[in-house]
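Me: I'd like to learn how to read a few features of a protein model. Can we take them one at a time?

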Amino acid sequence: MGLITGLCYFFYNLPKIYKWLLRPYYLLSFLLSTAFLAVRKCPGVCEHLPSQREDGNSCDFDWREVEILMFLSAIVMMKNRRAITLEQHIGNIFLFSKVANVVLFFRVDLRLGLLYLTLCVVFLITCKPPIYMGPEYIKYFSDKTLDEELERDSRVTWLVEFYANWSPECQCFAPVFADLSLKYNCSGLKFGKIDIGRYASVAEKYKVSPSPLSKQLPSLLLLHGGREHMRRPQVDKKGRAVSWSFTEENIIREFNLNEIFEKCKKLGKGRSEKIEELGFLPQEDHDEQPIKTPGEESESKKDK
């Protein structure tokens with residue numbers, strides 16, 4: 001059943017896959033991922049490669065290479081269980097295929113292994129994954145404009161993504177967040193993003209670690225009236241993110257976007273209720289405190 005579902009998903013998204021493969025990043029990734037297959041099957045080249053097959057046919061996979069490819073398939077299936085978007089599925093296939101190619105080339109010939117590894121390093125340095133450039137209703141903040149926008153209108157609720165350009169998880173999540181902004185953006189509910197890879201002070205203030213080891217990127221914070229009402233993923237006592245799937249369904253359910261959207265549409269009709277008085281914003285289990293800057297914290301200590 002899982003295989004049938006995967007095949008149906010693949011053929012449904014086949015036109016989109018063709019469009020991606022025409023981009024340089026995906027085209028080169030595809031060529032690198034299939035490099036060993038091409039060398040092993042290419043007439044005039046495969047005859048000169050060593051093989052452990054009993055029939056001496058060096059143009060076909062031997063038993064050890066088949067084991068490596070089967071292990072690759074198992075790893076990809078395990079990783080793709082937690083993949084959200086099609087980009088993540090394709091990215092996992094390309095990543096682990098390149099790793100398998102490195103092992104296979106080094107096993108056949110040290111020189112071929114070094115050549116392939118060099119090509120992979122050059123590819124990583126010179127070719128970056130394409131950035132999402134589709135439609136969206138998202139405001140991009142800097143370290144100064146974030147606080148200004150939050151304080152401008154106390155009736156507006158913001159769902160803000162804390163991200164970093166170098167993070168593959170953030171790049172894969174970009175189309176999901178953009179789609180949510182197109183569906184739920186209104187006068188009382190707005191969407192924003194801030195690159196904490198550039199603005200470290202914002203990451204420190206909102207306690208979002210940009211370290212890859214913390215696995216806190218991306219982080220979604222629901223902000224209103226100077227308070228953080230909810231964030232995903234949550235963070236444990238060791239500073240590591242609690243595992244959470246950034247699917248559109250999870251975000252809508254956990255952040256209660258449907259109800260917030262319906263209530264916030266009242267702002268567009270000229271009503272002046274404050275959002276906090278409506279009492280429908282989701283809350284974390286712990287008591288929420290206003291987010292204070294280091295200067296405000298020191299002033300409060302002096303007052304005490």
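Me: Is L124 buried or exposed?

Reply: First, the ground rules. This is a predicted model, where local features need pLDDT of at least 70 and side-chain atom pairs count only at pLDDT 80 or more, while totals for chains, interfaces and linings use all residues. Residues are numbered from 1 along each chain as its sequence is written, and side-chain values use heavy atoms, with hydrogens and water left out. Now the terms: buried means under 20% relative accessible area, exposed over 50%, partly exposed in between (1.4 Å probe, protein chains only). L124 has a relative accessible area of 56%, so L124 is exposed.

Me: Which helix holds L124?

Reply: Helices (H or I, at least four residues) and strands (E, at least two) are DSSP runs, numbered from the N terminus. L124 is in helix α7.

Me: Which residues make the nonpolar surface patch?

Reply: Patch residues have over 30% relative accessible area and no salt bridge; like charges are joined within 9 Å, nonpolar side chains (Val, Leu, Ile, Met, Phe, Trp, Tyr) within 5 Å. A salt bridge puts a side-chain nitrogen of Lys or Arg within 4 Å of a carboxyl oxygen of Asp or Glu. Areas come from the Shrake-Rupley method with a 1.4 Å probe; for residues, only the protein chains shown count as cover. Here F106, L110, L114, L117, V121, L124 and I125 make a patch of about 650 Å². Helix α7 (residues 110-126) gives the most, 6 residues.

Me: How many aromatic pairs does the whole structure hold?

Reply: A pair of aromatic rings is described by the distance of the centres and the angle of the planes. Rings of Phe, Tyr and Trp (its six-membered ring) pair if their centres lie within 6.5 Å; planes under 30 degrees apart are stacked, over 60 edge-to-face, the rest tilted. The search finds 12 pairs. One is F36 with F105: edge-to-face, 5.3 Å centre to centre, 80° between the planes. F36 lies in helix α4 (residues 35-41) and F105 in helix α6 (residues 86-108), so this pair ties together parts 69 residues apart in sequence. F36 is buried at 3% relative accessible area; F105 is buried at 6%.

Me: What are the distance and angle for F177 and F191?

Reply: Their centres are 5.6 Å apart and their planes 70°, an edge-to-face pair. F177 is in helix α9 (residues 168-184) and F191 in strand β3 (residues 189-195), 14 residues apart. Both F177 and F191 are buried.
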